Amino acid sequence: MTARPQSAFIGRRQRHKIDMSTSRSSLTNKPSALPCLIRQLHTGSEDESTSLREVSDLLVLVSEIKGLKDCGLCKSKPSFYCEIEVNGDVVGRTSCKAGCMSDSVFWGERFLFVNLRALRGATVKFYRDLCKRKTASQCIGYVQVPMVEAGHGEFTETWYPLDGASRSHSYLQLRVRSSFQKLMILDPLCYKGLLNCVLVDVGKMCQVLEPLLPSKSKDELAQTLVYILKAHRQVIRFISSVLVQEVETLERENLILRANSFASKSIDCYMKLTGTQYLKDLLTPAVLYVIHAAPDCEVDPTRLLDNDKESLVANQKILLSIIERVWTTIYQGLDSFPHDLRFIFSDVRARVADRGETMWKRIVSG
């Protein structure tokens, strides 16, 4: 399979070749460019514009902040959160976490923004929550996310002092990981040859690339293939095929969907793609009940005051009732389970039936 996409690497003559007969793969640039090229194919195929355009991808991971004690921000158990702004608009917010008496607060929350047409700047703002007062929150300071273009899969991570902070808050430092990348997208017709290769030879392509790609690139490629094949109504057949292929090639049954394979990564991506809204619709009432009712579910005796046995028994009953509520909701929502996933599991079950009941149950249960 040979394709000449002429995509983001404008100005450089490039050719990717996969030799199906000898399982050899070569790329004139680094191997991790292949998932990037196919993601561009997906982006270009769905965009109505036929003109050359530049888009940007921005990854921001808000890790933690330190220096709270030195700044006197740990009094009266305050809560803190961060907001992410892109081009001056708020596009993301971390959870609100209490500072207690610790010197730091950890979030570890990831925000990914893709296909941004005009990226002028990004900022992470640090807030102290003042919900018990008239003012809802107080902005302590902010960090400008560096707009330094990184290579595919590369990122910048460091501790940043807060800009705009008062002198009393000068000890605060926010740890942020970021990655910024620009892509040049061409007319969708430019990717027609590569698209045809993907649609015709995707199964063989996965076999060839399986042992060659590192886990991270394999994950991105699997996700991209799922999006492309879904747009062309071939994703169900593809996932069923790679699942059955994994069953036929793995020697140990307990490793099914446990390895870093295209099968495990593809089905994981597709389940999130088709099942996220299903889970939100199904479980939101139960989750909101727990949030608003705030029942005491502590069942660790060491965390209860004076090892109160009566409270332990009561909390165990509350926890069991919540679990029963959730499982009852899931059971009653069987009719709304995504049809595509039903079809995939049914098809795989029929195709591996000769390997016994244990095998297909292991696949379906993940």
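Trainee: Let's start with Lys-218: does Lys-218 count as buried or exposed?

Mentor: Lys-218 counts as buried, because its relative accessibility is 7%. Buried means under 20% relative accessible area, exposed over 50%, and partly exposed in between, using a 1.4 Å probe and protein chains only. Before we go on, this is a predicted model, where local features need pLDDT of at least 70, side-chain atom pairs count only at pLDDT 80 or more, and totals for chains, interfaces and linings use all residues. Residues are numbered from 1 along each chain as its sequence is written, and side-chain values use heavy atoms, with hydrogens and water left out.

Trainee: Which side chain meets Lys-218 in a salt bridge?

Mentor: Look for a side-chain nitrogen of Lys or Arg within 4 Å of a carboxyl oxygen of Asp or Glu; that is a salt bridge. The partner of Lys-218 is Glu-210, at 3.2 Å, N to O. Glu-210 itself is partly exposed, with a relative accessible area of 24%.

Trainee: How many salt bridges does this rule give?

Mentor: The count comes to 6. One of them joins Glu-157 and Arg-175, 2.7 Å from N to O. Glu-157 sits in strand β11 (residues 156-161) and Arg-175 in strand β12 (residues 173-185), so this pair ties together parts 18 residues apart in sequence. These two also belong to a salt-bridge network with Glu-64 and Arg-177.

Trainee: How many helices and strands does the protein chain have?

Mentor: There are 8 helices and 12 strands. Both are DSSP runs numbered from the N terminus: helices are H or I with at least four residues, strands are E with at least two.

Trainee: What span should helix α4 have?

Mentor: Take 1.5 Å times one less than the number of residues. The 15 residues of α4 (residues 235-249) should therefore span 21 Å, and the end C-alpha atoms are 21 Å apart, which agrees. Several α4 residues are buried, including Phe-238, Ile-239 and Leu-243.

Trainee: Which residues have the most contacts inside the largest nonpolar core?

Mentor: In soluble globular proteins, nonpolar side chains tend to be buried together. A nonpolar core is a set of buried Ala, Val, Leu, Ile, Met, Phe, Trp, Tyr and Cys residues joined through side-chain atoms within 4.5 Å. The largest has 33 residues, and Leu-225, Phe-238, Ile-239 and Ile-344 have the most contacts inside it. Helices α2 (192-209), α3 (215-231), α4, α5 and α7 (339-351) each supply at least two residues of this core. Another core lies apart from it, with 27 residues, among them Leu-68 and Phe-80.

Trainee: Which residues is Leu-225 in contact with, leaving aside neighbours within four places in sequence?

Mentor: Contact means heavy atoms within 4.5 Å. Beyond those neighbours, Leu-225 touches Val-198, Val-202, Met-205, Cys-206 and Phe-238.

Trainee: Last one: what is the phi of Arg-233?

Mentor: Most residues other than glycine have a negative phi, and most peptide bonds are trans. Arg-233 has a positive phi, near 60 degrees, and lies in the loop between α3 and α4. Asn-87 has a positive phi too, near 55 degrees, in the loop between β5 (79-86) and β6 (89-93).
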